[in-house]
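Let us walk through this protein together, step by step. Keep the sequence and the 3D view side by side as you read.

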Amino acid sequence: MTEETLPAAAEADTADAGDAGYRKALKSRHITMIAIGGAIGTGLFLGAGGRLAQAGPALAIVYAVCGLFAFFVVRSLGELILHRPSSGAFVSYAREFMGEKGAYVAGWMHFLNWSTTGIADITAIALYAHFWSFFTPIPQWVLALIALAVVLSLNLVSVRLFGEMEFWFSIVKVAALVLFLIVGIVLLVTQHPIDGHVPGPQLISDHGGVFPAGILPMILIVQGVVFAYASCELVGVAAGETENPKKIVPKAINSIMWRIAVFYVGSVVLLAMLLPWDAYSADQSPFVTVLAKLGVPGADSIMNLVVLTAALSSLNSGLYSTGRILRSMSLAGSAPKFTGVMNRNQVPYGGILLTSSVCVVGVGLNYVVPKDAFEIVLNFAAVGILGTWAIIVLSHLLFVRKAQRGEATRPRFRLPFSPYTEIATLAFLAAVVVLMGFDKTGRITLMALPVIVVALVAGWFVVRKRIDMSAFDKAEAS
């Protein structure tokens, strides 16, 4: 019997007890903008400048390749969502296809990613705020604490408010990019000089071509570019609190691919044709570089506001997603019991507060080592991102094998060319880990990896006696 002819009754429909009690308050526009916002962050607004200066126009190729594999990850997650929508997302799917050990690893790697990313976010917010003289007298750690308190408070109110915040944060990011693309295209078409350079493809060909620094720099920046797409999996978590996810999610996920092509690849190609690649630097957003050389007043302030919004968006999403993931884990016993508690607005505040408590440690880092706080936490976030993505792909691969055995039905919305796509994606993620060894901060990440593994193993021995799947068995039976 094939997957297509399998009776509906035979389809795997393992319920997640962690889904009980949520309000389906997120609308189509929220999910669409969460999907877009997850694919657009400070990695583009700020990181593109330094990477252009390092690898030249070849950066567009790196964004395209990394974006393709990021799309494979989120498309894998999308198929699992249509199989069974869950607010536990990849933790719930890891539990179904890999057992509670898989769910435990998936959940805590996600927590590691977003709790440390939250520290990076509040650090970035404080740094961006210091750009304006009004905030300069305020200590960096105080600004970080204020940012955390504001976003935490709003996140605890309701899922609808989270959706609204993320919707408008994404609107700001998309509007800024679209406006820049329009300005850039007009400059390109009219051949308006910028800092003595006439825009056009000749700025690429006359300055060393696509690979002005060779192939090696292009390869080495892959491990940094991957993290520019680190929020794209959040659409899976939001699906559990969405009306009609089986209709909304496919459209949102499919839109990610062309947005990556336009916003990332298109932006880099345009930037390379507006100014020579060596005119950009890591110290300034490439968009600010172009606008400043055009003499646009307040360009730096406008872009600083945009990257500030991107950091707030990331912090908002991190608190939201870890709260839902930890609740799913707590009901199985692999996370502290208090992380499963919800308030009267159906918000799992226990998990959100746990993530925020780690971010408070980040406030301390901003007090003790304000210059190094950002880089320190990004190393740990990197491991969490790769681990989360790998578990999503592995869960999908096991789901496909289960379908091939006639034990489940794959939805029509599928990851193409499975299982080869999953294998290629896992190989790519492994290659990113290897590439970290060639980067100074990446080597610090690899040094931290054994510590993280030991912590996960030790944690499992602590919680394994508390594992209780009865709640999930009841949910499945109902």
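A salt bridge is a side-chain nitrogen of Lys or Arg within 4 Å of a carboxyl oxygen of Asp or Glu. Keep that rule in mind while looking at this model, which is predicted. By this rule, the count comes to six salt bridges. The idea behind them is simple. Side chains of opposite charge can pair when their charged atoms come close.

Start with Glu 164 and Arg 160. Their side chains meet in a salt bridge, with 3.7 Å from N to O. Both residues lie in helix H8, four residues apart, which is about one turn of the helix. An α-helix has 3.6 residues a turn, so residues three or four places apart point the same way. Arg 160 has a relative accessible area of 36%, so it counts as partly exposed.

Now take a pair of another kind. Asp 195 and Lys 293 form a salt bridge at 3.5 Å, N to O. This pair links distant parts of the chain, 98 residues apart: Asp 195 sits in the loop between H8 and H9, and Lys 293 sits in helix H14. Asp 195 is partly exposed, because its relative accessibility is 46%. Lys 293 is also partly exposed, at 35%.

One more bridge joins Arg 405 to Glu 407. Their closest N and O atoms are 3.3 Å apart. Arg 405 counts as exposed, because its relative accessibility is 53% and the cut-off for exposed is over 50%. Glu 407 has a relative accessible area of 37%, so it is partly exposed.

Next, go inside. Which residues have the most contacts inside the largest nonpolar core? They are Phe 45, Tyr 63, Trp 108, Tyr 229 and Trp 389, in a core of 139 residues. Helix H4 gives the largest share of this core, 15 residues. Look at Phe 45 up close. Leaving out residues up to four places away in sequence, Phe 45 touches Ile 40, Lys 173, Leu 177, Ser 285, Pro 286, Phe 287, Met 303, Val 306, Val 307 and Ala 310. Two of these names, Pro 286 and Phe 287, return in helix H14, residues 286-294. There they are buried, along with Val 288, Thr 289, Val 290 and Leu 291. Just after H14, Gly 295 takes a positive phi of about 85 degrees.

Is Ser 321 buried or exposed? Ser 321 is buried, because its relative accessibility is 0%. You will find Ser 321 in helix H15, residues 299-330. Beyond residues up to four places away in sequence, Ser 321 touches His 110, Trp 114, Leu 234 and Val 237.

Helix H16 covers residues 349-368, 20 residues in total. From first C-alpha to last, H16 reaches 29 Å, close to the 28 Å expected at 1.5 Å a residue. Its buried residues include Gly 350, Gly 351, Ile 352, Leu 354 and Cys 359.

Ile 61, Val 65, Val 210, Phe 211, Ile 215, Leu 216 and Ile 219 make a nonpolar patch of about 550 Å². Helices H4 and H10 each supply at least two of its residues. H10 gives the largest share, three residues. Phe 211 lies in the loop between H9 and H10. At 35% relative accessibility, Phe 211 is partly exposed.

Pro 212 is in the loop between H9 and H10. Pro 212 has a relative accessible area of 24%, so it is partly exposed. Not counting residues up to four places away in sequence, it touches Ala 55, Gly 56, Pro 57, His 207 and Trp 277. Pro 212 and Tyr 320 are 42 Å apart in space, C-alpha to C-alpha, and 108 residues apart in sequence.

Finish with the backbone. Most residues other than glycine have a negative phi, and most peptide bonds are trans. Where does this chain depart from that? Gln 191 has a positive phi, near 60 degrees. Gln 191 lies in the loop between H8 and H9. Phe 417 also has a positive phi, of about 60 degrees. Phe 417 lies in the loop between H17 and H18, and it counts as exposed because its relative accessibility is 69%. Pro 419 is in the loop between H17 and H18. The peptide bond from Ser 418 to Pro 419 is cis, with omega near 5 degrees.

Methods:
Residues numbered from 1 in each chain as written. Predicted model: local features only at pLDDT ≥ 70, side-chain atom pairs only at ≥ 80, totals over all residues. Heavy atoms only, no water. Patch = residues over 30% accessible without salt bridge, like charges linked within 9 Å, V, L, I, M, F, W, Y side chains within 5 Å. Areas by Shrake-Rupley, 256 points an atom, 1.4 Å probe, with all protein chains shown as cover. Buried < 20%, exposed > 50% of the residue type's maximum accessible area, 1.4 Å probe, protein only. Core = buried A, V, L, I, M, F, W, Y, C linked by side-chain atoms within 4.5 Å. Contact = heavy atoms within 4.5 Å. Expected span 1.5 Å × (residues − 1).
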